[in-house]
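Here are a few exercises on charged pairs and helix packing. Grab your viewer and work through them step by step.

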Amino acid sequence: MSDENTFQPVYLKDRNFTESGYERQLKQSSLANVAVRSNYNALSLKENKGNIALEIQDDLGMPVNYVRIKALEDSIRKDIISDKNSLHRAITPLLILVQICALLPVQGIRGQNTSYLVFNWFSWIMSYSIILVCSSLLMILLIVFNLYRNGLTYEITGDLVFYGGTLINYMVFIHLAREWPKVMEKWELMEREMKQYGYPPNMAFKIKMLTCIIMLLSIIEHLASILTGVLKAIHCSPDGLDIFRLYILTSLETVFTFIDYSFVVAIILKFFNCLYSFAWNFMDLLIIVLACALTDKFKQLNQKLDSVRGKVLPSMYWRKSRETYNVLASLTHDFDEFLSPLILLSFGHNLYFICLQLLNSLKPMHSSWEALCFAFLFTYLVGRTCVVSLYVASINDQSKKPKTVLFSVPAECYGVEVERFLMQVTSDELSFTGCNFFSVTRTFMLTVGRKIIFILNAFLYK
């Protein structure tokens with residue numbers, strides 16, 4: 001929390017998060033023009049069947065025009081450059097890569113601050129997303145028609161889950177894009193409220209490293225998947241001729257069952273498949289990065305509290321610390337509501353394909369390269385699931401750490417504020433959930449790991 005004597009702009013105290021930055025600017029600009037034309041004589045303006053007061057009186061009876069003040073503040077805010085370790089700027093390289101796969105179609109990700117963020121249904125990135133949504137929907141229709149003709153098979157089930165999950169993934173990211181400007185404005189407000197704590201050191205570098213590592217592994221995963229398909233095509237080709245065509249016909253059997261083989265169509269479909277595969281990796285990566293950023297803010301508060309462990313401090317200090325914790329707790333609940341569909345989809349997808357890889361292990365492998373590719377694909381899938389679980393579970397771990405400091409508060413300064421702070425820390429379960437079906441904690445990770453080991457043992461026994 002910033003000091004009470006420090007100047008704070010009005011917009012940081014009374015910001016409306018129900019509108020996007022772009023819509024809010026248009027409304028405020030139009031209201032400001034009306035106020036100027038009326039020469040400060042207008043007292044109210046009817047809009048949306050409600051009255052918006054343009055002028056009120058302060059304690060001294062002087063008129064205060066809040067419309068012009070807020071319009072001025074918003075124009076000034078456009079020129080504010082966020083710190084390089086603020087989440088908005090630190091996550092920009094990741095969002096650029098995400099939008100290459102047509103995910104999170106929001107504009108203004110390269111802006112100086114969150115006021116540039118805006119969602120527009122008619123933007124080019126939204127059109128790009130719609131193309132990918134329509135292509136995945138077309139694939140699902142072809143798979144369903146193939147299912148009707150040939151019945152339920154192992155290959156059809158895998159394709160249906162992959163493309164159906166991809167369609168849901170893109171729809172969820174469109175929903176996230178609509179909420180992204182408001183969520184990032186809330187995050188920026190929290191960063192300004194915690195200005196005295198500073199920004200997490202090396203936040204931008206940490207996000208870049210996480211992005212590079214996971215993207216490198218996902219590229220290797222995709223190449224290993226292609227190599228596995230090519231090796232199977234070589235084994236099925238009697239003379240080793242036309243391997244590429246055989247590989248395409250095998251991997252895209254759903255499409256080329258209904259149309260003749262075409263090299264151009266094959267290239268387009270493989271490009272879309274590549275985007276779909278990377279979209280799943282970006283989904284996990286976005287969860288990891290946001291969980292990491294929120295964990296770092298809790299760490300800053302815990303480090304500050306740990307530095308005063310056992311010291312006699314006034315109740316005002318504990319009140320401000322509790323209010324800071326409450327800001328982080330409120331933001332955690334907001335992020336949970338924002339990310340919970342993505343978390344549920346992530347864990348459902350990862351667990352299904354872990355089981356699918358275990359089933360693939362029962363099939364005969366025709367070469368050591370095929371066995372090596374399978375081992376890498378399975379290890380990467382399990383490892384990625386564990387990394388997502390650990391980073392998300394760290395939020396719950398860090399939210400409980402103030403408890404040890406509060407238990408060590410000396411008796412002479414133990415009061416109502418310390419008691420309220422301790423009660424909130426012990427009773428409030430702060431964690432990300434999968435649409436409230438489960439909470440991602442270390443206990444949950446052990447439960448999932450136990451289930452995977454049980455399934456693995458069952459397959460090995462068979």
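**Exercise 1.** Work out whether Arg-192 is buried, partly exposed or exposed, and find its salt-bridge partner.

*Solution.* Start with accessibility: Arg-192 has 23% relative accessibility and counts as partly exposed (buried is under 20% relative accessible area, exposed over 50%, partly exposed in between, with a 1.4 Å probe and protein chains only). Before going on, note that this is a predicted model: local features need pLDDT of at least 70, side-chain atom pairs count only at pLDDT 80 or more, and totals for chains, interfaces and linings use all residues. Residues are numbered from 1 along each chain as its sequence is written, and side-chain values use heavy atoms, leaving out hydrogens and water.

Next, the partner: Arg-192 forms a salt bridge with Glu-188, with the closest N and O atoms 3.9 Å apart (the rule wants a side-chain nitrogen of Lys or Arg within 4 Å of a carboxyl oxygen of Asp or Glu). Glu-188, at 4% relative accessibility, is buried.

**Exercise 2.** Find which residue pairs with Lys-186 in a salt bridge, and where the two sit.

*Solution.* The partner is Asp-334, at 3.6 Å between the closest N and O atoms. This pair links distant parts of the chain: Asp-334 is in helix 12 (residues 315–360) and Lys-186 in helix 7 (residues 154–193), 148 residues apart. Now check accessibility: Asp-334 is partly exposed at 24%, and Lys-186 is partly exposed at 27%.

Conventions. Helix = DSSP H or I, 4+ residues; strand = E, 2+ residues; numbered from the N terminus.
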